[in-house]
Amino acid sequence: PQILQGIVKESGLRGRGGAGFPTGLKWSFMKPDGKAHYLCCNADESEPGTFKDREIMRWTPHGLVEGVALAAHAIYAQTAYIYIRGEFTEPLARVSDAVEEAYAAGVLGADAMGSGRRVDVHVHRGAGAYICGEETALMNSLEGRRGNPRIKPPFPAVAGLFGMPTTVNNVETLATVPYIIKNGAEWYKRLGRRENPKSIGTKLFSVCGNISLPGNYEVELGFPFKDFLYDLCGGPLPGREIKAVIPGGSSVPILTREEAEGALMDYEGFVAAGTMLGSGGVIVFDDRQDMVKQIARLARFYAHESCAQCSQCREGTAWTTRILERIRDGEGTAEDLDTLLAIADNMTGKTICVLSDSCATPVVSGLAKFRHEFEAKIGPTRGMVTVIG
């Protein structure tokens, strides 16, 4: 296990689920303490704009299962769970078949990969709740409880699934591990922008929206975002221009076209541009899109998917959605814009998980960069008080 941890730590692989935490370092938190250890593969991909993990499970499920087996060895775990989003019927079938074949081939079971250690993998189908993509809500769901996020600490590495030390990794992260173990850390470190040693390797990006060639793309981290959008993805549809881009799934700040064209596609590059790499879900909006409508649509998603455990999230996402839809329909007031920002401030950094932050982020960044579209729907007279006397 320590050798596997060392190779992955040396490779510089960071979690591909959104947080970007170093994978090898995360594994090193798991010690041979005599306790039962668990590995959870987070395959509950539900972030709007993100559809990379389902393609890994559809087309290379054996690579994922091999990555799960290797990671289980690395963290001293005998049991692993692959938690798949409930709507993923085809990926569920593919991964289930791959697990059965892995048992037959000796990759899993009593003597997994000839190691003398047992590794069992269970495929668990979720019930379609976005919140279960949060690692502690995922563990609650696996335990048969309501999928509410847990307060941390304790962190999963100390008390996770069934109260035992647990590691949670994303599908893309685990599917990358076999290549690193096979080819070595130095091979992997050669991938990516050399001048930025913090962002190593390749990354899958899901591209959708108003773009000529939507789909999944794998590029080296540090790739120029402008070249990605215009050369690889074909740019906007004929006769249109890009207005805005969300580069990392719906929960990260929106970029204007100019900001996007100057960004580099890695963790630090997107932060420098004022956003985050996140899950790598690229959503493109062209100049025919109504940004108020699109932001209201995102807010409604988060209001619907809130577990309602935290009052700031339960009330904040609901009121944000109502106000945005009122503005969208031409019934908003000038005060609504300040109210939206106040609600967003009360939602950010004050809840158990970051779902409420995810709702606030597109609202705050959208108002900062497209305020004129909000004001155009309100008009010059709405919000004014007429005094008669």
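What we have here is a predicted model, in which local features need pLDDT of at least 70 and side-chain atom pairs count only at pLDDT 80 or more, while totals for chains, interfaces and linings use all residues. Residues are numbered from 1 along each chain as its sequence is written, and side-chain values use heavy atoms, with hydrogens and water left out.

Helix H12, residues 291-305, packs against helix H15, residues 355-378, at an angle of about 160°, with the axes 9 Å apart, and the two are therefore roughly antiparallel to each other. Helices here are DSSP runs of H or I with at least four residues, and strands are runs of E with at least two.

Let me move on to salt bridges, each being a side-chain nitrogen of Lys or Arg within 4 Å of a carboxyl oxygen of Asp or Glu; the structure holds 28 of them. In one of these, Glu172 pairs with Lys52, with the closest N and O atoms 3.0 Å apart. Glu172 lies in helix H7 and Lys52 in the loop between strand S1 and helix H3, so this pair ties together parts that are 120 residues apart in sequence. Both Glu172 and Lys52 are buried, meaning under 20% relative accessible area, where exposed is over 50% and partly exposed is in between, using a 1.4 Å probe and protein chains only.

Glu90 and Arg58 also meet in a salt bridge, at 3.2 Å from N to O, and Glu90, at 32% relative accessibility, counts as partly exposed.

Notes:
Axes fitted to C-alpha atoms, helices over the stretch in contact; angles between N-to-C directions. Parallel < 35°, antiparallel > 145°, perpendicular 65-115°, else oblique.
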